[in-house]
Amino acid sequence: MTSEDERAARAAGPVRMCCICRRRLPQAQLLRHVRAAQAGEEQEAGTGLVPDPRRRMPGRGLYVCDKAECRERFLRRGDGRKKR
């Protein structure tokens, strides 16, 4: 990101990183997921994660950008972390 892009992102609010492609984007452009606190919560495809569109659920969140490739990889990977 150039310094102009960084300034624009800061002006737009908090900046977060997509856990798949590692791009830094304004938080408003990313979808946040958190671990399901209870078994009754609707999880995404067996990942153990639930979307948090209001960004208010407790716990450390994982952010995914709106690129279709990132969302598919996030669902396949399970918890969004890189494999070691």
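Predicted model: local features only at pLDDT ≥ 70, side-chain atom pairs only at ≥ 80, totals over all residues.
Buried here means under 20% relative accessible area, exposed over 50%, and partly exposed in between (1.4 Å probe, protein chains only).

Residues are numbered from 1 along each chain as its sequence is written, and side-chain values use heavy atoms, with hydrogens and water left out.

Now the cysteines. The structure holds zero disulfides (a disulfide is a pair of cysteine sulfur atoms within 2.5 Å).

| Cysteine | Relative accessible area | Nearest cysteine sulfur |
|---|---|---|
| C18 | 0% | C21, 3.7 Å |

C18, C65 and C70 do belong to the largest nonpolar core, which has 11 residues in all. Such a core is a set of buried Ala, Val, Leu, Ile, Met, Phe, Trp, Tyr and Cys residues joined through side-chain atoms within 4.5 Å. V64 is another of its members, and V64 is in contact (heavy atoms within 4.5 Å) with C18, C19 and C70, among others beyond four places in sequence.

Then there's D52, in the loop between strand 4 (49-51) and strand 5 (62-64). D52 is buried too, with a relative accessible area of 3%. Its side chain makes a polar contact with the side chain of R32 (2.4 Å), and a polar atom of that D52 side chain lies 3.1 Å from the backbone nitrogen of M57.

How values were computed. Helix = DSSP H or I, 4+ residues; strand = E, 2+ residues; numbered from the N terminus. Polar contact = N/O pair within 3.5 Å; in protein donor to acceptor, adjacent residues only side chain to side chain.
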